[in-house]
Amino acid sequence: MSLLRRIEKGGSGGSGSSGQGGSTGGSGPLGPDPTGGENDESKLAAMRQRRASIADQQRPGGRKENSYIDLKERVQKKLISELDHQSMDVTRKNEVRSHIEELFNAILADESMVLSRGERHNLFESIVAEILGFGPLETLLADETITEIMVNGPKNIFIEQKGMISRANVTFENDEHVMRILDRIVAPLGRRVDESSPLVDARLPDGSRVNAVIRPIALVGPTITIRKFSKKPLTIEDLIRFGSMTKEIAEFLRACIISRLNTVVAGGTGSGKTTLLNVLSSFIPNNERIVTIENAAELQLRQEHVVTLESRPANLEGKGAITIQDLVVNSLRMRPDRIVVGECRSGEALDMLQAMNTGHDGSLTTLHANTPRDSISRLEVMCLMAGMDLPVRAIREQIASAVDLICQQNRFRDGTRKIDKITEVQGMEGEIITMSDIFEFEQTGIEGGKIIGRIRPTGLRPKFIDRVEAAGIHLPPSVFGVGRQY
């Protein structure tokens, strides 16, 4: 038995006791030892140290990664100290960046640090991101192909590209590092995130939507979800090119918006509701006054006369909260031609329906639902959440009278986002709201992991076609599939 195994089992070569693998007088497999067990212990310590050294060397990027982090922290601390002494205005980022570069080169020269051009560039960019930006998230935010960033604790960061989720190749150092970046996100907005308020909604300067949850609610550590804001808003031509809709559907939706039909965009999380709402809003004539209401301002309307309102959470004393419902009620006093609500999720749905029924035709909103029929049910539930004891029939009559069109957006298994159905709300028959599908997506198969299908008209003409004609828009019968073969 080896010395290490004997000691682990409680035996000692120099203990004077006899047993398997041991002998008296301090003799054993290593020979006599005049110092007793001290030599064994020192050799054991040396063996352990050698094993730890070998394991450290075999660990992928172990020592190299640690030395890089140490170097980064050392240079970063010196830079921050120099910048603090010089009292620079960090809002002038170009000047600060050039000054940081000068200090960075000087510090590397003083410490005789030899780095390759690539290592020097990566180190400089990561330090600048820590001082002026959002740390490891900077490279992900700069990548226009990434649509979502998900931070599940400091070491697990995932991204969404082309509708598919994968792991990112960046990490934070620890929970404190994540919290520093999170504070930098929420502080300019007057928001806070701490143990007493572990949930926060915010947005980045470019409009990207941010949700954060920290300990003790998030057990894996600070969790951040960023829905990136497209720097270049998608147009109707983009959606046609992506296969999200056809030219006929685009022509039909444009006619519906111009003729002031009240439209609801429904779909699941990440299905592209806000993108479609933004595209539909672009059809609103430029001479109309538009009021947009959102939790976090995401809509990118290009019209001249747009008023953007944003809800506000409660302050430290639990006061001062401004809800979407408050903003919808207030918007009615702002002489809007159109009201665009980013998302209905509570009692504001009732006020939205009231607005649609009282002269604000052509308003738009989104809500979470899997089918057009589910959208009607969700609207009923949200109206009940307003706190008024209304009979269900009265709510259904309001919905049937207010909502003209439901655009069902869907995210398919291959990551593509398409319009699944376009449904007309026709009215009431007894206690039931009647609906008819004008367009629907027909899946024909799967090829190479991609869903194959087409969005086709059902052949039914909507009852509101007279309102479209009255607005001076003529839709040819081929839009609804008349005279076409599928």
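How many residues lie between E12 and E13 in their hairpin? The answer is 5. This report starts from the whole chain and then returns to that hairpin. The model is predicted.

## The whole chain

The protein chain holds 15 helices and 15 strands. It has 486 residues, and 44% of them are buried. The chain exposes about 25500 Å². Carbon and sulfur atoms supply 51% of that area.

Take the contacts between residues at least 6 apart in sequence. Of these, 53% join residues at least 24 apart.

## Helix H7

Helix H7 covers residues 175-186, which makes 12 residues. How far apart are its end C-alpha atoms? They are 16 Å apart. At 1.5 Å a residue, the helix should span 16 Å, so the two values agree.

The N-terminal end of H7 has a cap, Asn174. A side-chain oxygen of Asn174 lies 3.2 Å from the backbone nitrogen of Glu176.

Which residues of H7 are buried? They are Asp175, His177, Val178, Met179, Ile181, Leu182, Ile185 and Val186.

## Ser331 in helix H11

Ser331 belongs to helix H11, which runs over residues 324-331. Is Ser331 buried or exposed? Its relative accessible area is 0%. Buried means under 20%, so Ser331 counts as buried.

What does Ser331 touch? Leaving out residues up to four places away in sequence, its contacts are Val291, Ile293, Pro336 and Ile339.

Now back to the opening hairpin. Strand E12 (residues 405-411) and strand E13 (residues 417-429) run antiparallel. They are joined by 7 bridges. In one of these, Arg411 has Arg417 of E13 as its bridge partner. Within the turn, Gly415 has a positive phi of about 90 degrees.

E13 also pairs with strand E14 (residues 432-447). This pairing is antiparallel too, over 8 bridges. Glu424 has Ser436 of E14 as its bridge partner. E13 and E14 form a hairpin with 2 residues between the strands. Here Gly430 takes a positive phi near 70 degrees.

## In short

E13 pairs with E12 and with E14.

Terms used. Residues numbered from 1 in each chain as written. Predicted model: local features only at pLDDT ≥ 70, side-chain atom pairs only at ≥ 80, totals over all residues. Heavy atoms only, no water. Helix = DSSP H or I, 4+ residues; strand = E, 2+ residues; numbered from the N terminus. Expected span 1.5 Å × (residues − 1). Buried < 20%, exposed > 50% of the residue type's maximum accessible area, 1.4 Å probe, protein only. Polar contact = N/O pair within 3.5 Å; in protein donor to acceptor, adjacent residues only side chain to side chain. Contact = heavy atoms within 4.5 Å. Pairing = 2+ DSSP bridges. Areas by Shrake-Rupley, 256 points an atom, 1.4 Å probe, with all protein chains shown as cover.
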